[in-house]
Amino acid sequence: MSPELGDGTRVVHTYAGEAGDPFGAQPVFASAYHLGGQDYYGRAGNPTWRALESALGSLEGGECVVFPSGMAAISTLLRTVLSTGDTLVIPSDGYFLTRKFVSEMDVNVVEVPTAGPYPSFDGVKLVLLETPSNPGLDVCDIADLAAQVHAAGGLLAVDNTTATPLGQRPLELGADIVVASDTKAVSGHSDVLFGHVTLASPVLAAQVRDARTVNGAIPGPFETWLALRGLGTLDLRLARQAENAEAIYALLKGRVEGLRWPGAPEDPAYLVAAQQMRRFNGVLTFVLEDKAAVDAFLARSKLVSAATSFGGLHSTADRRAQFGDPVPEGLVRLSAGCEDTRDLVADVSQALGLD
């Protein structure tokens, strides 16, 4: 599909049907196929996978491989790219399960804050960025780091979960690999676990796809269809979520500690984020006094639910310290949903006692 088309058009028209075809690819439930065609066994291929892979690959500018979760995607990628003794650079403030996974690999791990400073990349096999980071929402310059990593002979991967394929296109900025949890905004309805890897190199993409077949980390066709269906409204959902996040930021500015949203001109990450992100989303963070204050906020809110994911239709919030993130006890990651902005702002205001 032409990249000149708008985001809304591209996510809606991911499937070019013919007369008599359904609108959109449908789930194909098959474990075995008549031999002689493209598919022969359900673990190696599925038409529904390819429909979503084509859509995500088109949006990101590479070859996509889908997985049953974000962790399945990132763990398969890391096992495919890295060998014993290789050096990996990862964010010290990124998703905690990624750090846990690599701590159990036989590789040299260097942890660096997303905002830097970064060490020399000499001898580094892979650099994994997460920008904006989760949960801190710090940002790093993908293009600049890609140039440095490539000059040293390494590969650069970007966890694009928070930004989404519409918010940021790391491959266009020089990255080699994009990885994401589509459980979040891409699927967007809090009803499916999903993930994907998109790669600039067809050779590396084939290796990742072969690894998926061998290790069996395959998504079900119905879950794949749910993610594909959710993708069709991503443009609309992101627009409302960003509008809500901006309004909540304006409400909380100067009234809570540690307020972060990369879409705000006052945010420390804004200058770099505005340069490399195509649009912002609904995730923001702030710090309340302690656990009791967070619990009280969630108990009083009528629209913000306690949940540990983000990017869905419903506004959610969680206290990240409870999951082991190295953050203050009262840090809240709030994911603004698709509620009416006026209603959501009024609810957050009363729940925090700002009225």
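Q: At its relative accessibility, does Asp-86 count as buried or exposed?
A: Asp-86 has 18% relative accessibility and therefore counts as buried. Buried means under 20% relative accessible area, exposed over 50%, and partly exposed in between, with a 1.4 Å probe and protein chains only. This is a predicted model, in which local features need pLDDT of at least 70 and side-chain atom pairs count only at pLDDT 80 or more, while totals for chains, interfaces and linings use all residues. Residues are numbered from 1 along each chain as its sequence is written, and side-chain values use heavy atoms, with hydrogens and water left out.

Q: Which side chain meets that of Asp-86 in a salt bridge?
A: A salt bridge is a side-chain nitrogen of Lys or Arg within 4 Å of a carboxyl oxygen of Asp or Glu. Here the partner of Asp-86 is Lys-125, at 3.4 Å from N to O. Lys-125 lies in the loop between strands S3 (108–112) and S4 (126–130), and Asp-86 in the loop between helix H3 (70–81) and strand S2 (87–91), so the pair ties together parts 39 residues apart in sequence. Lys-125 is partly exposed, because its relative accessibility is 32%. Helices (H or I, at least four residues) and strands (E, at least two) are DSSP runs, numbered from the N terminus.

Q: How many salt bridges does a search of the whole structure find, and which residues are linked in a network?
A: The search finds 20 salt bridges. The network links Asp-7, Arg-169, Glu-172, Asp-235, Arg-278 and Arg-279. Within this group, Arg-169 meets Asp-7 at 3.7 Å, N to O. Arg-169 lies in the loop between helix H6 (164–167) and strand S6 (177–181), and Asp-7 in helix H1, so this pair ties together parts that are 162 residues apart in sequence. Both Arg-169 and Asp-7 are buried; for Arg-169 the relative accessible area is 9%. Arg-169 also forms a salt bridge with Glu-172, again with 3.7 Å from N to O, and Glu-172 is exposed at 56% relative accessibility.

Q: What is the order of the strands in the open sheet of five strands?
A: Strands of a sheet pair through backbone hydrogen bonds, either parallel or antiparallel. Two strands count as paired if DSSP finds at least two bridges between them. The order here is S8-S9-S12-S11-S10, with mixed pairing. S8 (257–260) and S10 (305–306) are the edge strands; each has a single partner, so one side of each is left without a neighbour in the sheet. S11 (residues 316–319) and S12 (residues 331–335) run antiparallel and are joined by four bridges, and Thr-316 has Ser-335 as its bridge partner in S12.

Q: Which strands does helix H9 touch as it packs on the sheet?
A: Contact means heavy atoms within 4.5 Å. Helix H9 (residues 234–252) touches S8, S9 (283–287) and S12, and its direction makes about 20° with that of S9. Axes are lines fitted to C-alpha atoms, for helices over the stretch in contact, and angles run from 0 to 180 degrees between N-to-C directions. Helix H11 (residues 291–300) lies across S9, S10, S11 and S12, and runs at about 160° to S11.

Q: Where is Ser-181 found, and which residues are in contact with Ser-181 beyond its neighbours within four places in sequence?
A: Ser-181 is found in strand S6 and is buried at 12% relative accessibility. Its contacts, those neighbours left aside, are Gly-70, Thr-161, Phe-194 and Gly-195.
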